[in-house]
Amino acid sequence: MEPLSHIDALNHRFGIDGIAQIVSGKGGLPVVQITSPAAHAEVSLYGAQVLSWRPAGQEEVLFLSKQSHFESGKAIRGGIPVCFPWFRAKADNPKAPTHGFVRTREWRLDSLSVDDDGSVTLVCLTSSDDSTRALWRHDFLVAYRIRIASTLRLELSVMNRGTSPLRFEEALHSYFRVGDIHQARVHGLDAVTYLDNTDGNKSKRQDGSLALAAPTDNAYIDTEAPAEILDPVLHRRLRTEKLHSSTTIVWNPWQQGAAALSDLGNDEWQHMLCVEAGNILSAAVSLAPGEEHTMRSTLSIHPE
Ligand SMILES: O=P(O)(O)OC[C@H]1O[C@H](O)[C@H](O)[C@@H](O)[C@@H]1O
């Protein structure tokens, strides 16, 4: 008998008839496709990256670039990349991959199940090996629990499996689809201090809701509160709630930044907005040997 292909073997072990199957996605990367009465979703095992989430009766919530690479060694532009164990460039090694190494490696699918309430949960794992130790010397296990329903709940758990303390940054780098970036507003950050990465990380204070009008790369600090994107064009409000995340990053490269990104189409920046749950910069997380930290982000969509 012929050995099963990687995708067939995953399906054989984890597929759920009529609800979840593993398919060969773009570039041959394995993708878990979920179709339940509550939502449709796609999760790439490469990066454990949610690429699509469409609650029943709603339009697609996430932005995915039409020009994205789908290729081993390159990041997928869009959906919800997982950034770990550093965010942006690695402070002591500018040659290391930006946002860490877990978004450019295939994760292991650990379980796929339907819960009593009809929601579908998958758990993906990744852990230290020689290739990660070459970039970051620590021993770790990351478990990512993705619960797909009319809300999308993401829980990223990091465990220190080594014998010395470790310190890491993390983010769930959500790319949201918006009708028109010029008309979208972010609520929930009023009076919050942020570090403006387009201006040497100068400390500034948000006054009222955020309307973007230029390249924006802000790290809002000490913010555990929910944020909402109001989208008058798509007539919806996207709410992001979080737990054990004290940084909210808001990013849009604007026209000039987008022009420098080969994996983003010319006008696509007008239809995306990143509002990310994270712990970065001085909010990096420290774990003693054996300790574990879980950050949660819950997304929901509401008509306006
Ligand atoms: O191009 P990438 O490596 O995916 O990063 C895209 C962006 O991600 C985050 O939002 C950072 O705050 C930005 O500084 C960065 O430019």
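Biologist: To how many salt bridges does the count come?

Modeller: This is a predicted model, in which local features need pLDDT of at least 70 and side-chain atom pairs count only at pLDDT 80 or more, whereas totals for chains, interfaces and linings use all residues. Residues are numbered from 1 along each chain as its sequence is written, and side-chain values use heavy atoms, with hydrogens and water left out. Taking a salt bridge as a side-chain nitrogen of Lys or Arg within 4 Å of a carboxyl oxygen of Asp or Glu, the count comes to 17.

Biologist: Does Lys 90, which meets Asp 92 in a salt bridge, count as buried or exposed?

Modeller: The N to O distance between the side chains of Asp 92 and Lys 90 is 2.8 Å. Buried means under 20% relative accessible area, exposed over 50% and partly exposed in between, using a 1.4 Å probe and protein chains only. Asp 92, with a relative accessible area of 62%, is exposed, whereas Lys 90, at 12%, counts as buried.

Biologist: Within what arc do the buried residues of H1 fall, seen down its axis?

Modeller: Helices (H or I, at least four residues) and strands (E, at least two) are DSSP runs, numbered from the N terminus, and H1 covers residues 6-14, its buried residues being Ile 7, Leu 10 and Phe 14. On the other side of H1, His 12 and Arg 13 are exposed. An α-helix has 3.6 residues a turn, so residues three or four places apart point the same way. The buried residues of H1 line one face of the helix because, judged by directions from the helix axis to the C-beta atoms, they fall within an arc of 65°.

Biologist: Which strands are included in what covers the buried residues of H1?

Modeller: The protein chain has three helices and 23 strands. With contact meaning heavy atoms within 4.5 Å, the cover over the buried residues of H1 includes strands E1 (20-24), E2 (30-35) and E6 (108-114).

Biologist: What share of the residues of the protein chain count as buried?

Modeller: The C-alpha trace spans about 65 × 50 × 40 Å along its principal axes. Of the 304 residues, the share that count as buried is 54%.
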